[in-house]
Structures are given as structure tokens and as C-alpha cells.
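Work through the exercises below with the sequence and the model open. Try each task before reading its solution.

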Number of protein chains: 2
Amino acid sequence: MNEKFLYKQVYKDLKNSILSGQYKTGSKLPSESELCECYHTTRATIRQAFSELIKEGFIYKQHGKGTFVKSEMRSLGLLSFKGFSEVVGEEHQAKTTILQVPVYKQFPSDFFYKLSAEEKELGCIYFARLRFADDVPVMLEYTYLPNNELFKPFDEQDIKDSFFKTLHTKFEVEITGLAQSIRAIECEKSVAKALKMKHKSPVLYINRRYATNKANLHIYSTLYCNTDKYAMSHNF
Amino acid sequence: MNEKFLYKQVYKDLKNSILSGQYKTGSKLPSESELCECYHTTRATIRQAFSELIKEGFIYKQHGKGTFVKSEMRSLGLLSFKGFSEVVGEEHQAKTTILQVPVYKQFPSDFFYKLSAEEKELGCIYFARLRFADDVPVMLEYTYLPNNELFKPFDEQDIKDSFFKTLHTKFEVEITGLAQSIRAIECEKSVAKALKMKHKSPVLYINRRYATNKANLHIYSTLYCNTDKYAMSHNF
DNA sequence: GGCAATAACTTGTATATACAAGTTGTGTTT
DNA sequence: AAACACAACTTGTATATACAAGTTATTGCC
């Protein structure tokens, strides 16, 4: 399984070594020149591999000192995009129930984002979850995963914990970006029921499109949030 | 105001040219080799400047074609930055009216963020604007600027255009980060009136704290958004 | 005119090298 | 022992060059 480009190979090797625990959190990676000798290449190539890993949050550099493995935050780091575990996170009790186990189906015809021909063709893995903070339902989440070979097999276990962690550990998919649109709407009956709100209460309605480290692989989700008690927060 | 490093200079020049509209949305930047000649340097240096701009979302590349100015949100997905005049930008008519011209006053006692002693001491420059898309009011924005020497003099002109552009060009303040909390709430009468909505309609209620390139300088704003017609969008 | 080969562009990957600048440890001096 | 100077590391910036690979315009043929 050789990569086409040397810098990709270096990137992959290092990433695997980090994921397998060979380089532990906080530990120092070999210096650029050491890696140059290993791979019989030059610093520019090594630095290119490094910069990919930095972009994905695996490592960081310190001028004059070296390159180090980032704390475990990275796996959850992009979860902060999600907001849920951030707001809910440490101080509050977080819980998730699965309303719809993963099933294969077509993308909805009125899907919120214009899909590529390939995405339409292949369909999606769809599941729904309800998230609680301190035993209060705060977020209703519908997720659409492209029906890619990459994600097979896919089952209920994969979404019991953090789905993003599963993406990272099981499928080696890293979230690299997010585009979202946010509205405040009056919630419909079904949403109200799930979130234990009054019909027509204001809820956040969010459509998201996650970009990943795999070209042309995007993950979609629609959220309804009860923000009476907990606000949705972001940091960038 | 020369930058220490050549790639930073190139980066800054390009960024200024983009922000000033010299390179318009979607237009092609000079090729790497053209810029090499301009700056009497090599592609590696130009590419480094480009990669910073890519990271910040100002530009994107296409193999074999060229480098282009991104149309969507730049930098940190700040709607009020690229947001208003540019998300709404080309397709829609954007307009802004000033409800409250900049005045010096104390921070409100029930301010949404816990301020530092220094910030409290100095007070703030406060102003309010109402923003329109296609002549429909969509966003009510209250801004709190620390009463820093840096911002003097400060007047109405500074917020007529994009305030973030003013920050960049007049005060050399760059936005480097954002923390925000978002809620969906029923709008109160005053907000409803400004946004021409019915009382108790759902609106987005957003509190923001912008980090800047100046240490300990933060900018705050509170937004009310009518998302009936236009959603709030982010890209990171 | 229509079509295909090709030339002239673009960005992508790669090597080789040099010096600057920040950090750390090793000495030597005091 | 403490202070300082310096060497030996690290990453940061920079130049010069080459070829690969994708895109577009041009050329020349039919």
C-alpha cells in the first residue's frame, strides 16, 4: 500500500505511528533532519508531511525545540465544531439515545445540499440520535453518511460513542472543515415532542456539511436544538 | 511598514489587494511564476504566502488552472466580516443603517462576557447597526469596542462600510479567533420592530467575542437575526 | 469548419543547499 | 556554585532548479 508521493507516505507512516501509540501524546517526533535520513529525502518533503499533520491537529511544532504529538484533544478537538460535547462537555451529564439505527437509503429528494452525481448514485447511511444534557433533551441530530465502501461494515456500535471518534479511529477519516447554515424556526410537532418543548417554540435549525481529509467525501447532518437552557457555542 | 519576511510581505500585499477589492471574488490571481518575477523570489516563497491565504480561506487553487479569490466566507467564518457585504454580497443587495453612532460609555453591568478589570475600567465604544438584505432587515447588531487608545479617533465613518475592513486597514487589527454562543429565542418587541417581525417570532440571538492579533484586545458583539429568508452561514 | 496533436501555460512534487533564529546542554571562567 | 560563552541541536525562511501532471490555447491537418 505505497502512496504515490513520498510526502504522503511519510504523512501516513507518522499518522499510523501516532494512532498506534508508538509516539505517545506529548512526545517528541524525530527531527526533520533525522526523518530526512530515514526516507532519503530533503526537509521540504518532510515539512510537507508535517504540515498536513498539523492541519489535521495531530502534531504541533515549537521553533528551536522540535515537533510533538498533540494531546488526545485532537480526536475530540473537532468535536468542538459540533458544539454538543463542548457545551455539555465536562460540567454536565451527556447522554445519547439512538432514535434510528444506521440504515441504507437514498438521500432525500429535497436534501439541503446539492449533492454530486456520485453521492446521489450511491445513496447514504442514515441515522438519528437524540442528545441529552443533564437528562434534558437538547439536540436532535440526523446524520447522512455517503454510502462509501470505506464505511463498510457500519453498525449501531459505531454511533454509540462519539461518532467523530469512530470516524477517526475506525475509518481514519478526519474532519477538516465545516460549512453550516443556521436558522431560528418554530419547531414542528415531531421535533417538539422529541425535545420535550412546546409546539412552535423557537429552536435552532442547523444544516451541516463536513469536509474530510478524503477527497470528495463529505458528511451531512441536520440538527434541531433546544437552546432554552444550553446555548450552542463555537470556538475558532 | 515592511514585513520581516518576504513571504509575509507577499501574503500581506495579496490580502490587502483582496480586501480592497483589487482582486474580486472568483477572479484569478497572478500565477506563481508571475509573482516570482514581481518579488524577485522563487516559487517556494510565493507558495508559502499562498498557503497562509488558503488556510485563512481567502483563496483556493486548482491544479493546472490557477489560484482564485474565494467567494465564500474568508478567515474565520465571521458573518459580519465577509458576511454581510459579501455573503449577501453579489447576488443580493446589502445595506446598513446606523441606529446608534459610536459613543463612549461603560460596558453594561449585565454584560454577557466576564470582562477583565482593565476592560471594565476603560469602558467601551458602543454602536448599533441594522443590516438589510434586499431591503429586508435581517440583522440587528450591537458592537462593543474596548475604549483603547488604538481606536482614537473613532467616528461614524469607520462603521459605514465593513467594520472589519476598517479594523484591518485603519487600525491594523486582525481578527484571529471567535467564540460565540447561539440561541433561538422569541424576539422581544423592540427587536421585532427593528427587524419588522411579529412579536415572539423566533430569532437567532448570538453573543460574540472576537480575539485579535493585539494581546488582550477583544471585540464584542450581540446579534439578533431574522432567518426567515436568509440563513446565517459559517465556513471553517 | 471540425478534429487531433501539441505547445504553453498552470499548480504539484521533489532535491539540494544555505543561513537565520530559537532552545538546550556543555563547557569555561569567575 | 553561579554566570557567561559557545557549540550543537531544533525549526523557520530563502534560493535555485527540475520534472510531473492538469488545463487551455494554438497550430496544423483532414
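The model is predicted, so local features need pLDDT of at least 70 and side-chain atom pairs count only at pLDDT 80 or more, while totals for chains, interfaces and linings use all residues. Residues are numbered from 1 along each chain as its sequence is written, chains are lettered from A and ligands numbered from 1 in the order in which they are written, and side-chain values use heavy atoms, with hydrogens and water left out.

**Exercise 1.** Describe the contact between chain A and chain B.

Solution. Start with the residues: chain A gives 25 and chain B gives 25, where contact means heavy atoms within 4.5 Å. Next take the area. About 2100 Å² is buried between chain A and chain B, and carbon and sulfur atoms give 55% of this area. Buried area is the accessible area (1.4 Å probe) that two parts lose on being put together, summed over both. Then look for pairs across the interface. Zero salt bridges are found there, a salt bridge being a side-chain nitrogen of Lys or Arg within 4 Å of a carboxyl oxygen of Asp or Glu. Ten residue pairs, both at pLDDT 80 or more, are in polar contact across the interface of chain A and chain B. A polar contact is a pair of N or O atoms within 3.5 Å; within protein, one must be able to donate a hydrogen and the other to accept it, and residues adjacent in sequence count only if both atoms are side-chain atoms.

**Exercise 2.** Which strand of chain A supplies the largest share of the side that touches chain B?

Solution. Strand 6 (175-186), strand 7 (202-212) and strand 9 (232-235) of chain A each supply at least two residues of that side. Strands (E, at least two residues) and helices (H or I, at least four) are DSSP runs, numbered from the N terminus. The largest share, eleven residues, belongs to strand 6 of chain A. Now check its partner: strand 6 of chain A pairs with strand 9 (residues 232-235) of chain B, antiparallel, over four bridges. Pairing requires at least two DSSP bridges between the strands. Within strand 9 of chain B, B:Met232 is the residue opposite A:Ile182.

**Exercise 3.** Is A:Asp158 buried or exposed, and what does its salt bridge with A:Lys170 tie together?

Solution. The closest N and O atoms of A:Asp158 and A:Lys170 are 2.9 Å apart. A:Asp158 lies in helix 8 (residues 157-160) and A:Lys170 in the loop between helix 9 (163-169) and strand 6 of chain A, so the pair ties together parts twelve residues apart in sequence. A:Asp158 is buried at 6% relative accessibility, and A:Lys170 is partly exposed at 38%. The cut-offs are under 20% relative accessible area for buried, over 50% for exposed and in between for partly exposed (1.4 Å probe, protein chains only).

**Exercise 4.** Which residues of chain B does B:Glu141 meet through a salt bridge and through a side-chain polar contact?

Solution. B:Glu141 forms a salt bridge with B:Arg129, with the closest N and O atoms 2.7 Å apart. This pair links strand 5 of chain B, which holds B:Glu141, to strand 4 of chain B, which holds B:Arg129. The side chain of B:Glu141 also makes a polar contact of 3.4 Å with that of B:Arg131, a residue of strand 4 (residues 124-133) of chain B. Finally, read the accessibilities: B:Glu141 is buried at 2%, B:Arg129 at 1% and B:Arg131 at 2%.
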